Amino acid sequence: MATKNKLVQWTPAEVKEELLKKYPPKVARKRAASILINEALSNTTPEIQANVRTIPGIITMRGCTYAGCKGVIMGPTRDIVNIVHGPIGCSFYAWLTRRNQTDAGESGENYMTYTFSTDMQDSDIIFGGEKKLKAAVQEAYDLFHPKGICIFATCPVGLIGDDIHAVAREMKAKFGDCNVFAFSCEGYKGVSQSAGHHIANNQVFRHLVGTEDKEKEGDYKINLLGEYNIGGDGFEIDRILKLCGITNIATFSGNSTYNQFATAHKADLSCVMCHRSINYVADMLETKYGIPWIKVNFIGAEATAKSLRKIGQYFGDKALIDRIEAVIAQEMLEVKKVLDDVKPRTEGKTAMLFVGGSRAHHYMELFGELGMKTLSTGYEFGHRDDYEGRAVIPTLKVDADSRNIEEIEVEADPVAYKPRKSAEELKSLEEAGYTFKEYDGLIPDMDKGTLIIDDLNQYEAEKLVELIKPDIFCAGIKEKYSIQKLGIPLKQLHSYDYGGPYAGFKGAVNFYKEIDRLVNSKVWSYMKAPWQENPELSATYVWE
């Protein structure tokens, strides 16, 4: 039966079969394990294949290890000079490509608008680039005198063997008042940008966290991990936290500073947004300094309220809990007003979400508030625990690619380790239903029969849209225009296009209005790519 005659009548099994039909048999078998039909019973979670190499030749939506380390984790830090050691092309990802917003603060230090690169040429690849790197580090120090300089290795650097760590140690010793350290985050080092997150987490913890011991002022001190201030999300979350009287010691790493990282061990609780990008730091903070961590989500009004209440419950102070409830009540007035207006136009609409670790799961709640159904979803760089929940971690096997990532040993600090709660207090909270260092994963929150796809590629994205015709598709910039040419609006949730913030209460209001405009505009139905009207070239594959 022709696709155009079937539209939404396709069953999940038929959709999966159609997605796999064009692949050679060996490729189809491998991709089949990453395309899961959610048929979980109440007490089981189906297993998905994730965090495996993208098949060569497939146009993946993923980024590389360098992108995860430099672009995601360290890039949003405003007062550290980040030097990319490699050809200039890699530095495309070193200059505001994710719309991480910053506020220079009282110090005025903000290097986010600069791109620092050694701009390696052919001669540097042949004879080595360490001399050029030293000169670049020296120049950055002379110009800015920053507290920290970070060096990031790109693929050619790893291949020719430049010792960026030796350079960092030499320059740090020479300066005396500037912390210089490096990241071996060559793009090929892992299966996706997730490996870069891990490498960044390790080095930040090793070289930065705990290096300043001055006490931080304020009550109810937390760290906010996995928040990158895309479109101003972090500003909105900080606004809410201040209204509640909660002190945010350090954000990892939207609009963050050297001092925030250095004093993160002074917090009493770590709140993790995107666990896939930052959970390693949360675990190490707990092991070394005794700071427990919880999973939170500030994407969505109800999710924000739930997360604030969870923070209040942890501290157990009635004054804080009452203040949180007052803030929620006040903020929800505008949220409810806009939602009551928008929801009649969005209720029953459908969405597909394919974005980075945790984000697809977070935004499902926002679409749920709008009365919309998520038909299919998945992550670019997720691991099985992102899909199935943290409980699955002990059963995971360490593969060859994961062994490329250094595992650092962390022990309780003999001086700074201080349990924030006694064993009795922790037990009391847990008996009341409180959960620490836990997340359920994406699959349990998906409806039965929906499709969950890891490492979706360009072909599969277009085929999904062709078969199921969602009302909106959410992904990244690489997919944006090809999907819109199919007549479906695409909301870019990696850097929000030109919108945001979408976190917190004001962010939810912004999102409601944006999705209302997108799914109820008729312009998309008139979209048609030139080749759809006048195809000029056709071909067959060798296996057909």
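# A walk through a predicted model

The crossing of helices H3 and H8 is right-handed. Two packed helices are described by the angle between their axes and the distance between the axes. Here H3 covers residues 65-74 and H8 covers residues 194-207. Their axes come within 6 Å and cross at roughly 55°. Which residues of H3 and H8 make the contact? On the H3 side they are Thr 65, Gly 68, Cys 69, Val 72, Ile 73 and Met 74. H8 answers with Ala 195, Gly 196, His 197, Ile 199, Ala 200, Asn 201 and Val 204.

Now turn to the strands. Strands of a sheet pair through backbone hydrogen bonds, either parallel or antiparallel.

Strand S8 spans residues 269-272 and pairs with S9 in the parallel sense over 3 bridges. Ser 270 stands opposite Trp 293 in S9.

Most residues other than glycine have a negative phi, and most peptide bonds are trans. Yet a cis peptide bond joins Phe 252 and Ser 253, with omega about 5°. Ser 253 lies in strand S7. A cis bond also joins Gly 500 and Pro 501, where omega is about -5°. Pro 501 sits in the loop between S14 and helix H19 (504-519).

Strand S14 itself, residues 490-492, contains Gln 492. Is Gln 492 buried or exposed? Gln 492 is buried, because its relative accessible area is 2% and the cut-off for buried is under 20%. The Gln 492 side chain makes a polar contact with the side chain of Ser 495, at 2.8 Å. Leaving aside residues up to four places away in sequence, Gln 492 touches Ala 475, Gly 476, Ile 477 and Asp 497.

Burial also marks strand S5, residues 179-183. In S5, 5 of its 5 residues are buried. Both faces are covered. Asn 179, Phe 181 and Phe 183 lie on one side, with Val 180 and Ala 182 on the other. Strand S4 (residues 148-153) runs parallel to S5, and 5 bridges join them. Ile 149 has Val 180 of S5 as its bridge partner.

Finally, visit two loops. Asp 119 is found between strand S3 (116-117) and helix H4 (122-127). Phi of Asp 119 is near 50°, a positive value in a residue other than glycine. Lys 437 is found in the loop between helix H16 (423-431) and strand S12 (451-453). Lys 437 is not a glycine either, and its phi is positive, about 35°.

Notes:
Residues numbered from 1 in each chain as written. Predicted model: local features only at pLDDT ≥ 70, side-chain atom pairs only at ≥ 80, totals over all residues. Heavy atoms only, no water. Helix = DSSP H or I, 4+ residues; strand = E, 2+ residues; numbered from the N terminus. Buried < 20%, exposed > 50% of the residue type's maximum accessible area, 1.4 Å probe, protein only. Polar contact = N/O pair within 3.5 Å; in protein donor to acceptor, adjacent residues only side chain to side chain. Contact = heavy atoms within 4.5 Å. Pairing = 2+ DSSP bridges. Axes fitted to C-alpha atoms, helices over the stretch in contact; angles between N-to-C directions. Left-handed = near helix turned anticlockwise from the far one by under 90°.
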